[in-house]
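Please take a moment to look over the sequence and the model that follow.

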Amino acid sequence: MLFLSGALAGMKKYPYLVKSVSRLIQEQELIISGDRVLVAFSGGPDSTALSDILEQLREEFKFQLALFHLNHGLRGQEALRDQNFCIEWAKKRNLKIFVEQHDIRAYKKELSISLEEAARKVRYQKLKEVAELWKADKIALGHHRNDQVETILMNIIRGTGLDGLRGMPFRNGKFIRPLLKTTLDEIRHYLKEHNLTYVVDSTNLDKSFLRNRIRHGLIPLLKQDYNAKIEDVIFRMGLNIQESLSTYPEEKWPIEKKGQLYYLPLSSLVETSDYKRRRGLIELIKQVKGDTYHITRAHFKALEYIVKKGKGQTILPEKISFWVDDGFIYARRGELLLGYIPTWSYDLKMPGSNQLENIGLIIESFYKNSTVQFGLKTLWCEIDLNKCEFPLLVRNYLNGDRVVVNGKEKKLKTFFHSQGIPENWRRKIPILCDQKKILWIPGILLDERAQVQENSKSILIVTMRAYKR
């Protein structure tokens with residue numbers, strides 16, 4: 001439903017809100033002269049108020065302003081209504097607006113995460129992409145005081161440490177939150193006072209989302225039965241923890257990225273305190289994953305174990321893989337299988353099961369129309385049998401290997417380099433081949449010469465997993 005806010009008789013007005021936001025921007029140095037500020041604009045009350053306030057403050061702080069709207073593709077006509085509203089809102093104010101659409105459900109399925117988290121991840125990812133395109137210095141988010149309280153409670157319910165208890169910072173890299181000290185009531189009063197229209201997202205009432213259950217169920221219960229000012233208490237706790245953590249010197253970790261691979265010298269984690277080691281691992285996880293959602297104490301213990309041992313690997317939620325090898329801890333999105341010995345080649349029974357103990361792999365295959373099932377953590381692919389020359393085999397990398405990617409043939413050595421695969425790993429990675437070409441490199445590449453097409457008649461599913469000794 002589209003709402004038009006009108007001033008109500010007797011309603012207390014909040015003309016100080018723009019001044020309040022201006023003061024916070026100065027105190028926290030959220031925006032400086034010459035900045036290009038991109039606002040995450042959903043058309044809801046929070047982002048509408050934020051956009052209007054920042055528009056008024058452009059002259060004072062001398063910055064440029066643009067808007068970004070993401071259509072999540074989840075609410076059909078309602079989402080299209082919101083998108084059109086945002087475009088018209090920007091047009092009336094002569095503001096530049098970027099609009100993107102994304103299939104959130106497909107992304108949710110790909111990463112095996114909740115719909116709520118998938119939407120949040122895509123939103124941040126797209127914001128970063130557009131910010132880079134527009135060369136934005138800051139990305140303004142409409143999070144307010146009530147959001148902060150809900151976030152801290154969500155973190156407590158999921159399990160958290162100090163980072164979760166402090167809630168969202170006023171500034172995190174390019175991301176800024178100018179409304180973080182502002183209550184939702186103050187925002188609503190501001191909208192009414194200035195006759196500003198906005199839209200309401202119907203999913204805000206959907207109690208299948210944890211945040212909505214906290215907002216509409218837990219917080220009212222806490223206020224009624226425990227402390228009428230519980231929101232103020234939780235918000236102040238978050239501020240206190242932020243202030244305490246700010247006294248610790250900010251550590252700069254020598255994390256490097258090559259292709260899709262991130263790596264950090266083990267020495268920086270081993271020769272330090274337990275607290276700093278945990279901070280280093282948190283930073284590495286954030287670089288690869290974008291956040292630490294669903295990363296538990298058990299996950300950190302697994303990482304710390306392979307760090308102290310100096311070898312090994314482990315997988316975190318969302319298929320984030322970590323390895324320790326040759327004095328570094330490596331991380332990338334997606335699993336990567338490594339064989340045990342430097343040079344090998346084995347003919348495979350296809351379809352069938354192949355247990356290769358010498359290189360620590362189990363490779364199985366079956367026709368697509370069969371009823372065979374395999375585990376979610378198993379790497380797998382589909383290949384067109386009519387494009388293959390039997391027998392199939394698994395081997396490691398050979399000089400001169402070539403693959404077809406995006407319609408072009410290129411050296412596998414060059415492709416490995418672009419993906420950041422270290423040279424000493426390349427001969428350990430299993431490669432599925434036929435008698436003339438590479439078919440599949442698990443977790444890395446399915447060669448286009450083996451890919452299934454709409455007219456493919458004979459399809460083989462191949463699975464590969466580590467052999468547990």
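**A walk through the predicted model**

In helix α4, the residues Ile104, Arg105, Tyr107, Lys108 and Leu111 meet Leu115, Ala118, Ala119, Lys121, Val122 and Gln125 of helix α5, where contact means heavy atoms within 4.5 Å. The axes of α4 (residues 104–111) and α5 (residues 115–134) come within 9 Å and cross at roughly 110°, the axes being lines fitted to C-alpha atoms, for helices over the stretch in contact, with angles that run from 0 to 180 degrees between N-to-C directions. Because angles of 65 to 115 degrees count as roughly perpendicular, α4 is described as roughly perpendicular to α5. Helices (H or I, at least four residues) and strands (E, at least two) are DSSP runs, numbered from the N terminus.

This is a predicted model, in which local features need pLDDT of at least 70 and side-chain atom pairs count only at pLDDT 80 or more, while totals for chains, interfaces and linings use all residues. Residues are numbered from 1 along each chain as its sequence is written, and side-chain values use heavy atoms, with hydrogens and water left out. The pLDDT, the predictor's confidence in each residue from 0 to 100, averages 87 over the chain, and 93% of the residues score at least 70. Over residues 3–14, however, the pLDDT is below 50. Where pLDDT is low, the predicted coordinates should not be read in detail.

Turning to the strands, an open sheet of four has the order β15-β16-β24-β17, with antiparallel pairing, two strands being paired if DSSP finds at least two bridges between them. Its edge strands are β15 and β17 (379–384), each of which pairs on one side only. Strand β16 (residues 361–367) is joined to β15 (residues 352–356) by five bridges, with Ser353 standing opposite Glu364, and to β24 (residues 459–466) by seven bridges, with Ile362 opposite Arg465 and Leu361 opposite Ala466. Between β15 and β16 the hairpin has four residues, and in this hairpin Gly360 takes a positive phi near 70°. Five of the seven residues of β16 are buried, that is, under 20% relative accessible area with a 1.4 Å probe, protein chains only.

Leaving aside neighbours within four places in sequence, Leu57 is in contact with Val18, Val21, Ser22, Ile25, Lys62 and Phe63.

Methods: Buried means under 20% relative accessible area, exposed over 50%, partly exposed in between (1.4 Å probe, protein chains only). Angles under 35 degrees count as roughly parallel, over 145 as roughly antiparallel, 65 to 115 as roughly perpendicular and the rest as oblique.
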